[in-house]
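User: I would like to go through this model step by step. Please take the structure below and answer a few questions about it.

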Amino acid sequence: MVFLRIAGIASAGLLVWAAAASRMVDEARLPLSGVVRGAVVTQPYGCTTLALEPYDPLCPARHVHTGIDLSARAGTAVHTATGGIAQVGYDPLGAGLYVVVAVDRHTRVLYCHLLHADVAGGEQVRAGQVIGELGASGLATGPHVHLEVQVDGRAVDPAAWLAAVP
Ligand SMILES: [Zn+2]
C-alpha cells in the first residue's frame, strides 16, 4: 500500500509538471511576420471602404475588415501563431478552407482561404507549427491568408493581440 501511495503521488506530480510545461508552450505567440514568412500585408485590420467586407455602423464607410490579409505565393506554408486545439472548416462563400485554433475558452485564431490544411480536427498544435498552405479558396481575389483573432466572438486587431504579452 505504501508503494502504491508513493507511485500515486509521483504520477500526480508528473501530471502537474506536464500541464505546466504544455501551458508554457501554449502561451507562446509568433509575431505577425512569423505566420507567413515573407508575406506582404495587403489589407490591414479596421475600417475600410471595401463594400465586400462586413457592415460596421461605427466606420465612416460602414465596412470593417475583421482581420489582416497576408499575401504570398499559393502553397506558401502557414504557421499557427499560437498553440491550441485546431479545427478545420470549409465555407465556399466566405472563408474558404480554414483552420481555427482555439487558444483558450475565450480566444480563437482563424486562418482563412487555405489551399490545403495540414492538421486534423481536434489536433493539439503548438506555436510555429505548419497548419496548412496559403491559397485563394472561398471569397478571395488572390492568394492570401485572412488572419483573424476573436476574443469572446469579437474580432480584435491581430497585430496588436500577437504583440501583447500574454
Ligand atoms: Zn481579409
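User: Where is D152 placed, and is D152 buried or exposed?
Analyst: This is a predicted model. D152 sits in the loop between β11 and β12 (154-156).

User: What is the phi of D152?
Analyst: D152 is not a glycine. Even so, its phi is positive, at about 50°.

User: H113 also has a positive phi without being a glycine. In which strand is it found, and is H113 buried or exposed?
Analyst: The phi of H113 is about 70°. H113 belongs to strand β8. The cut-off for a buried residue is 20 or more other C-beta atoms within 10 Å. H113 has 27 C-beta neighbours inside 10 Å, and therefore H113 is buried.

User: Which element gives the most residues to the largest nonpolar core?
Analyst: The largest nonpolar core has 30 residues. The elements that give two or more residues to this core include β7 (96-102), β8 (107-117) and α2 (158-163). With 6 residues, the element that gives the most is β8.

User: Y98 is among the residues with the most contacts inside that core. Which residues is Y98 in contact with, leaving aside neighbours within four places in sequence?
Analyst: Others with the most contacts inside the core include Y111 and L114. Both of these are also contacts of Y98. With sequence neighbours within four places left aside, the contacts of Y98 are G89, D91, L110, Y111, C112 and L114.

Definitions and conventions:
Residues are numbered from 1 along each chain as its sequence is written. This is a predicted model: local features need pLDDT of at least 70, side-chain atom pairs count only at pLDDT 80 or more; totals for chains, interfaces and linings use all residues. A nonpolar core is a set of buried Ala, Val, Leu, Ile, Met, Phe, Trp, Tyr and Cys residues joined through C-beta atoms within 7 Å. A residue is buried if 20 or more other C-beta atoms lie within 10 Å of its own, exposed if 12 or fewer, and partly exposed in between; C-beta atoms are placed from the backbone. Helices (H or I, at least four residues) and strands (E, at least two) are DSSP runs, numbered from the N terminus. Two residues are in contact if their C-beta atoms, placed from the backbone, lie within 7 Å.
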